[in-house]
Amino acid sequence: MSHIAATPATPTHGGKAVTLQFSDNTLLPLLLGDHDRHLVRIEQALSVRLSCRGNRVAIAGDATRVDAAQAMLQGLWRRLERGESVGRPEVEAAIRLADNETDPRLPLSDLPAIRTRRGSVGPRSPGQAGYMEALARQEMVFGVGPAGTGKTYLAVAQAVAMLQDGKVDRIVLARPAVEAGERLGFLPGDMKEKVDPYLRPLYDALHDMMPAEQVIRRLANGEIEIAPLAFMRGRTLSHAYVILDEAQNTSPTQMKMVLTRMGEGTRMVITGDLTQIDLPAGTRSGLRDALDTLEGVPGITVVRFDKRDVVRHPLVARIVDAYDQREAAEGDKRREARRSREQTSDGTGCK
């Protein structure tokens with residue numbers, strides 16, 4: 001069995017140096033990446049110096065960052081030993097998880113995982129790690145944050161894992177069809193065909209977790225159910241895993257209706273992004289209303305993601321950040337204008 005040997009080296013200028021020796025030369029190129037691109041990326045992200053000679057990788061730099069780089073390389077190596085892939089996405093995930101300033105409690109060697117028959121799904125950011133822990137332990141979880149943070153994907157993975165383990169009898173997927181105002185009768189086809197365009201992201205996640213023929217079979221026998229919000233009223237969902245996606249586009253009445261469908265043995269996950277509300281002007285988001293009402297209630301966990309948890313293309317995180325900065329600046333302007341009006345109205349403003 002392959003292993004890693006870590007040897008302290010002579011530190012420079014008060015820093016730290018360590019050399020890792022890898023025993024399996026067939027796996028080492030996969031760890032390094034083409035033309036050592038994985039090492040280069042880790043160097044850039046952690047501001048350490050990495051050099052490879054033979055089957056040894058030397059790490060030098062600030063002691064904390066050297067420790068982080070060592071833990072990162074060892075974690076990636078363990079993935080390779082288990083037969084899992086290591087590419088750019090896995091390296092980026094390791095970088096996010098190694099950021100001690102982001103979440104110092106996370107041990108890289110002891111991260112949660114969701115195991116389906118197609119393999120293991122692990123976290124790619126500190127926020128995802130906390131979310132996965134909540135999905136495993138809590139009966140009702142709210143996942144709130146920007147696009148690309150894995151809110152829906154991980155919820156579907158947990159649902160599939162529990163269905164395959166026999167812990168729930170079915171998966172119920174729901175997503176508001178805002179563009180059609182949930183008045184789907186004018187669309188052609190049966191109910192599944194009417195709502196399919198709105199549920200495509202959920203289908204994509206399902207097909208990642210189980211073979212296509214199994215998805216089709218489970219849809220046919222009702223183990224996986226498509227449930228438009230308008231058709232959930234009056235039901236009690238027992239022994240089910242319910243996922244309400246894009247919940248920011250529900251009304252408060254719809255949200256309360258969905259949450260109170262929860263029956264015995266049911267898990268419920270509500271996901272959404274409060275910056276992407278598509279409701280008519282003046283309509284309060286059911287997700288915002290639920291968070292204001294339910295956050296802190298025992299048995300309910302709210303996990304909030306931010307731009308650091310975006311696991312799509314790195315540009316997506318910068319896009320989210322740019323919009324957040326603009327929204328914050330516009331909020332400051334509105335507050336300043338309001339203060340100016342108040343000062344004028346009470347006579348304290350300048351003429």
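Residues are numbered from 1 along each chain as its sequence is written, and side-chain values use heavy atoms, with hydrogens and water left out. Because the model is predicted, local features need pLDDT of at least 70 and side-chain atom pairs count only at pLDDT 80 or more, whereas totals for chains, interfaces and linings use all residues.

Helices (H or I, at least four residues) and strands (E, at least two) are DSSP runs, numbered from the N terminus. Tyr-241 sits in strand S10 and is buried, with a relative accessible area of 1%; here buried means under 20% relative accessible area, exposed means over 50%, and partly exposed lies in between (1.4 Å probe, protein chains only). Contact means heavy atoms within 4.5 Å. Apart from residues up to four places away in sequence, Tyr-241 touches Leu-135, Ala-155, Gln-158, Ala-159, Met-162, Val-168, Arg-170, Ile-171, Val-172, Arg-267 and Val-269. Its C-alpha is 9.3 Å from that of Lys-167, although Tyr-241 and Lys-167 are 74 residues apart in sequence.

Strand S11 (residues 267-272) holds Met-268, which is buried at a relative accessible area of 1%. Neighbours within four places in sequence aside, Met-268 is in contact with Glu-139, Met-140, Val-141, Val-242, Val-258, Leu-259 and Met-262. Between Met-268 and Ala-159 there are 9.5 Å in space, C-alpha to C-alpha, and 109 residues in sequence.

A salt bridge is a side-chain nitrogen of Lys or Arg within 4 Å of a carboxyl oxygen of Asp or Glu. Asp-273 is buried yet has no salt bridge, the nearest side chain of opposite charge being Lys-151, 5.7 Å away. The side chain of Asp-273 does make a polar contact with the side chain of Thr-275 (2.7 Å). A polar contact is a pair of N or O atoms within 3.5 Å; within protein, one must be able to donate a hydrogen and the other to accept it, and residues adjacent in sequence count only if both atoms are side-chain atoms. Leaving out residues up to four places away in sequence, Asp-273 touches Gly-145, Pro-146, Ala-147, Gln-248 and Leu-287.

Salt bridges do occur elsewhere, and the count comes to 14. In one of them, the side chains of Glu-246 and Arg-175 meet at 2.9 Å, N to O. Glu-246 lies in the loop between strand S10 (240-244) and helix H9 (252-259) and Arg-175 in the loop between strand S8 (170-174) and helix H7 (191-209), so the pair ties together parts that are 71 residues apart in sequence. Glu-246 counts as partly exposed because its relative accessibility is 24%, whereas Arg-175, at 16%, counts as buried. Another salt bridge joins the side chains of Glu-225 and Arg-235 (2.8 Å, N to O). This pair links Glu-225 in strand S9 (residues 224-226) with Arg-235 in the loop between S9 and S10, 10 residues apart. Arg-235 has 23% relative accessibility and so counts as partly exposed. Asp-289 and Arg-284 also form a salt bridge, with their closest N and O atoms 3.3 Å apart; Asp-289 is partly exposed at a relative accessible area of 25%, and Arg-284 is partly exposed at 36%.

A network of salt bridges links Arg-41, Arg-88 and Glu-92. Glu-92 is among the buried residues of H4. Helix H4 (residues 88-97) is mostly covered, with eight of its 10 residues buried, and the buried residues pack against helix H2 (37-46), helix H3 (63-81) and helix H5 (126-137).

Finally, the surface: Leu-315, Ile-319 and Tyr-323 form a nonpolar patch with about 300 Å² of accessible area together. Patches are made of residues with over 30% relative accessible area and no salt bridge, like charges being joined within 9 Å and nonpolar side chains (Val, Leu, Ile, Met, Phe, Trp, Tyr) within 5 Å. Accessible areas come from the Shrake-Rupley method with a 1.4 Å probe, and for residues only the protein chains shown count as cover. Ile-319 belongs to helix H11 (residues 314-345) and is partly exposed, with a relative accessible area of 41%.

Notes
Lys, Arg positive; Asp, Glu negative; His and termini not counted.
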